[in-house]
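Here are my notes on the charged pairs. Please keep the structure open as you read.

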Amino acid sequence: MFRGLIALCFVGAVIATPVVKRTKEEIQAFRSFLESTKTNDGSQFILRSLNTPTANAEEISGKYQGDIVLDDETIEDMIREYAMGRNAYTYPGTKWPEATVIWEYASDDEFDDIHKEAIMEGIRHIENSTCVRFRYREPEDKAYVSLTGLPNGCYAHVGYSEERGRHTMNLALNTPGVGCFRHGTIVHEFMHIIGFFHMQSTHDRDDYVRIVEENIIPGMEHNFFIYSSDLVDNLEIEYDYVSCLHYSSKAFSVNGEDTIVALKEHEGVMGQRVFITDKDWLRINRHYQCEGAWD
């Protein structure tokens, strides 16, 4: 009886053990890619900016999918998922309590007045268009956004995490209206903080765009992974080609050709950062259950 129970447990353990579907080389390459997103080498961002002057600054900031900051535990989970043959993922973006983002400048001299005004313009635009509010950090606040101006790009964590404590958002200094200080890019990074992933990562994106893999920089294919429907909720809002969260058509291109091709006609420029769309605002309002968002 006891021996039979041991045998049964062994069989159960074998059945329950996930089957690795990637090679060691593939897994190690993916680990190296994710680990590389933790570096803060500003010279690489400047070099990429010079080599691809028309690219969105957040797409070339060297983080996951260009501008998403990953925690160490998230990286380990992503590697495990990848090894099992599933698309990598990050944790769902969690809402900020009471729809209020708590933030601060990392230091008093992090930005000058002209940059602070550009940041505040982004905050005011979000507050005037949604029910999300921003509050400057008080000493007792343990979970908050630390806004920095390091020269290595524009990037942010996705969503709220009490355990994380200090959340990262960086905007490399530039003339307002240029690079990380375009209005659409500032709001783009705040939308990550609020809890949103990139538009072209949504679970049904293949109904709307085609990813041209042969045009993607080798090793950057991971940036085009799709998130499953249990991770991303489209909130009954149609796909938005011109969302301020959508990649540009040549994102991560190795040859200057399109990496993303629209499958349906649409107005406006894919990947634009000039304005925030009505669907962007509606997505925030529905995510935070703002009054009237579902009318």
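Predicted model: local features only at pLDDT ≥ 70, side-chain atom pairs only at ≥ 80, totals over all residues.

1. Now the total. The count comes to 13 salt bridges. Three of these pairs are taken up below.

2. Start with arginine 31. Its partner in a salt bridge is glutamate 76, and the closest N and O atoms are 3.0 Å apart. Arginine 31 sits in helix α2 (residues 24–36), while glutamate 76 sits in helix α4 (residues 72–83), so the pair ties together parts 45 residues apart in sequence. Arginine 31 is partly exposed, at 26% relative accessible area. Glutamate 76 is partly exposed too, at 30%.

3. Next, arginine 273. It forms a salt bridge with glutamate 58, with 2.4 Å between the closest N and O atoms. Arginine 273 lies in the loop between β7 (260–262) and α7 (278–287), and glutamate 58 in the loop between α3 (42–51) and α4, so this pair ties together parts 215 residues apart in sequence.

4. Last, arginine 135. This residue forms a salt bridge with aspartate 141, and the closest N and O atoms are 2.9 Å apart. The two partners fall into separate classes. Arginine 135 is partly exposed, with a relative accessible area of 32%. Aspartate 141 is buried, with 11%.

How values were computed
Residues numbered from 1 in each chain as written. Heavy atoms only, no water. Salt bridge = Lys/Arg side-chain N within 4 Å of Asp/Glu carboxyl O. Helix = DSSP H or I, 4+ residues; strand = E, 2+ residues; numbered from the N terminus. Buried < 20%, exposed > 50% of the residue type's maximum accessible area, 1.4 Å probe, protein only.
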